[in-house]
Amino acid sequence: MIDFNCFIGTWAFYPTFVETIDQLKALHAKNGITGGYVSSLKSVTYRDYFFSEEELHEAIKDTNYRHVMTVDPRFPACLDIVKHGIENWDIAAVRIVPGFQGYKLTDTRLEDLCKVLKEHALPLYITLHMQDDRNCYLVQNVPPAKEELCSFIDSHHDLKILLCNASMGELENVEKSLLAHPACFFDMSGQRNRMGNVEYLSRPMQERLIFGTMAPILSTRAACLHLEVEDIAPEIVERIKTGADFV
Amino acid sequence: MKIYDAHAHLMLDLPGEPWYHGRPQLKRGEELYGIEKYYISTIDGPALWPDEDCIGRCNDMTYDFMCERPELVRGMAYLNCRNANTLDELKKRVDQGFVGVKLWVSQLCDDPCVDPLAEALIELDMPVLLHVFYKSNSVYGDESRANHVRNLADRYPDLKIIMAHLGGDVYHAMRVIKDCPNVYVDNSGSRGGGPDMRFAYDMVGADRLLFGSDCPIDAAPALGQILDLDISDEEKEKMLWKNAHKLFKEDMR
């Protein structure tokens with residue numbers, strides 16, 4: 001089982017108790033997770049995130065974990081850092097956190113980033129929430145509105161997209177656009193807070209779901225529980241666990 | 001492991017999807033996660049300051065479910081301390097076998113209007129479950145925060161208090177109540193924050209923490225938070241059921 005949405009590093013607002021790659025690996029091993037696509041929590045709050053991305057690369061370079069670079073496309077050196085990551089760090093994807101960092105998906109500088117990602121066939125992770133939005137004191141997350149997100153998905157059919165930590169309501173809002181897109185996926189970490197988290201999703205939506213926990217920000221075990229106890233077709237569970245359609 | 005859910009709800013008269021009414025979700029928790037007991041109160045979501053009639057209908061709904069599933073359901077009487085009949089309503093529900101009281105957002109929990117209820121509950125040796133939340137983006141009715149819980153706990157050290165939702169923000173709340181031995185804490189209603197229970201455990205230890213789902217919210221986030229902890233099975237059992245068993249005097253039922 002692969003965790004396609006996880007982090008290491010220091011979170012600026014409270015201790016996570018899982019900050020190193022070894023701590024993350026131990027948490028994963030306890031839950032039967034054998035690898036991950038990992039990002040740096042520091043990069044969410046650093047202004048020049050080259051430092052934290054370099055640190056992430058050093059931490060995971062001899063592991064089976066893949067590097068998901070976190071960027072703010074408004075930073076003037078963004079594309080330089082992404083290109084450095086492609087050439088030197090073998091990055092597997094690029095993550096953005098627009099609602100938490102305070103910009104729209106319509107920002108033209110994001111379009112420049114998307115062009116680079118398309119050229120290199122790299123997926124874009126769009127993180128809709130970080131911590132519990134009710135408890136965001138210094139930084140208030142404002143996730144993309146329905147129209148904004150749908151419009152972005154609709155206009156980027158040649159870009160692989162992973163929606164991270166999207167709530168069920170947000171997924172319902174974008175379901176039509178998501179399913180019309182050839183490679184738009186979402187992860188487990190937002191699947192909570194209502195009945196029938198995974199088992200009540202339509203089959204086409206289940207086929208767009210991949211396993212991601214938001215660890216250590218969110219509970220790893222909680223994400224696993226859904227797959228263990230819910231009535232989901234075994235072949236779908238396997239696809240979710242391996243991200244077969246995503247990688 | 002056994003699981004007792006110390007914080008679950010039925011919802012009164014709400015339109016919308018069936019899962020949100022509570023019963024399907026309670027059944028789901030029972031079947032999928034093996035939850036053996038629910039401590040249930042019925043609330044009327046839109047009514048932040050419910051009148052006597054509304055409170056009566058809520059508690060009737062809980063009582064119906066208690067009668068239907070006596071092995072599964074323990075009733076928590078929902079009260080609004082601003083209503084004149086609060087102590088009469090309490091007596092009626094105690095006679096029906098309710099095991100505790102739930103206060104939501106119709107009064108701050110340290111408001112003087114709570115005092116007669118607190119004194120009655122000490123006499124009855126029954127716990128009170130308090131909705132507590134500290135939000136950055138909104139306040140819901142007269143929503144108590146951890147400092148209000150601390151005031152009540154200090155005023156009534158013999159009152160057994162359950163502070164819900166890890167105080168709504170565990171990092172804001174736990175340090176405030178950690179020195180109040182009469183305050184227990186449930187982890188219901190969170191978004192499943194990874195480090196939250198570890199922080200709560202470091203603050204008050206395993207003896208004062210309770211599993212709660214806040215059903216109709218799914219049980220997985222709160223259950224996962226406890227199962228994630230690197231602590232002994234014995235301590236996890238305390239959180240999952242033993243503390244509730246003791247607090248609600250299940251040996252005597």
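Strands are DSSP runs of at least two residues, numbered from the N terminus. Two strands pair if DSSP finds at least two bridges between them. Keep these terms in mind for the first stop, a pair of strands in chain B. In E3(B), Gly75(B) is the bridge partner of Ile40(B). Note that this is a predicted model.

Now widen the view around that bridge. E2(B) and strand E3 (residues 73-79) of chain B run parallel, joined by 3 bridges. E2(B) also pairs with E1(B) in the parallel sense, over 7 bridges. Within that pairing, Met11(B) faces Ile43(B) in E2(B).

Helix H1 of chain B covers residues 23-33, and its buried residues are Gln25(B), Leu26(B), Arg28(B) and Gly29(B). Why do they line one face of the helix? Seen down the axis of H1(B), the buried residues fall within an arc of 160°, so they share one face. They pack against strand E1 (3-11) and strand E2 (35-43) of chain B. Just after H1(B) comes Gly34(B), with a positive phi of about 75°.

Step back to chain B as a whole. It has 9 helices and 8 strands. Its radius of gyration is 16 Å, close to the 18 Å that the globule rule gives for 253 residues, so chain B is as compact as a globular protein of that length. Along the principal axes, its C-alpha trace spans about 45 × 40 × 40 Å. Buried residues make up 56% of the 253 residues. Among contacts in chain B between residues at least 6 apart, 74% join residues at least 24 apart.

Chain A comes next. It has 11 helices and 8 strands. A compact globule of 247 residues would have a radius of gyration near 18 Å, and the 17 Å of chain A agrees with that. Its C-alpha atoms fill a box of roughly 45 × 40 × 35 Å along the principal axes. Of its 247 residues, 50% count as buried. For contacts in chain A with a separation of 6 or more, residues 24 or more positions apart account for 75%.

Helix H3 (residues 50-60) of chain A has its own buried residues: Ser52(A), Glu53(A), Leu56(A), Ala59(A) and Ile60(A). They cover an arc of only 120° around the axis, which puts them on the same side of H3(A). What covers these residues? The cover includes strand E1 (2-8), helix H1 (21-30), strand E2 (35-40), helix H2 (42-45), strand E3 (66-70) and helix H4 (78-89) of chain A.

Now zoom in on one residue. Ile161(A) sits in strand E6 (residues 161-164) of chain A. Is Ile161(A) buried or exposed? It has 21 other C-beta atoms within 10 Å, and a residue is buried at 20 or more, so Ile161(A) is buried. Leaving out residues up to four places away in sequence, Ile161(A) touches residues including Pro123(A), Leu124(A), Ile153(A) and Phe185(A). Leu178(A) lies 17 residues from Ile161(A) along the chain, and their C-alpha atoms are separated by 9.3 Å.

Finally, see how the chains meet. In all, 29 residues of chain A are in contact with 28 residues of chain B. The side of chain A that touches chain B has 13 nonpolar, 10 polar and 6 charged residues. The largest nonpolar core has 153 residues, and those that touch the most other members are Val94(A), Val101(B), Leu130(B), Val149(B), Ile161(B) and Met163(B). Helix H6 (residues 170-177) of chain B gives the most to this core, with 6 residues. Beyond its neighbours within four places in sequence, Val149(B) is in contact with residues including Leu130(B), Ile161(B) and Met163(B).

Note on methods: Residues numbered from 1 in each chain as written. Chains lettered and ligands numbered in written order. Predicted model: local features only at pLDDT ≥ 70, side-chain atom pairs only at ≥ 80, totals over all residues. Buried ≥ 20, exposed ≤ 12 C-beta atoms within 10 Å, placed from the backbone. Helix = DSSP H or I, 4+ residues; strand = E, 2+ residues; numbered from the N terminus. Arc of directions from axis to C-beta. Contact = placed C-beta atoms within 7 Å. Nonpolar A, V, L, I, M, F, W, Y, C, P; charged D, E, K, R; others polar. Rg over C-alpha atoms; globule rule 2.2 N^0.38 Å. Core = buried A, V, L, I, M, F, W, Y, C linked by C-beta atoms within 7 Å.
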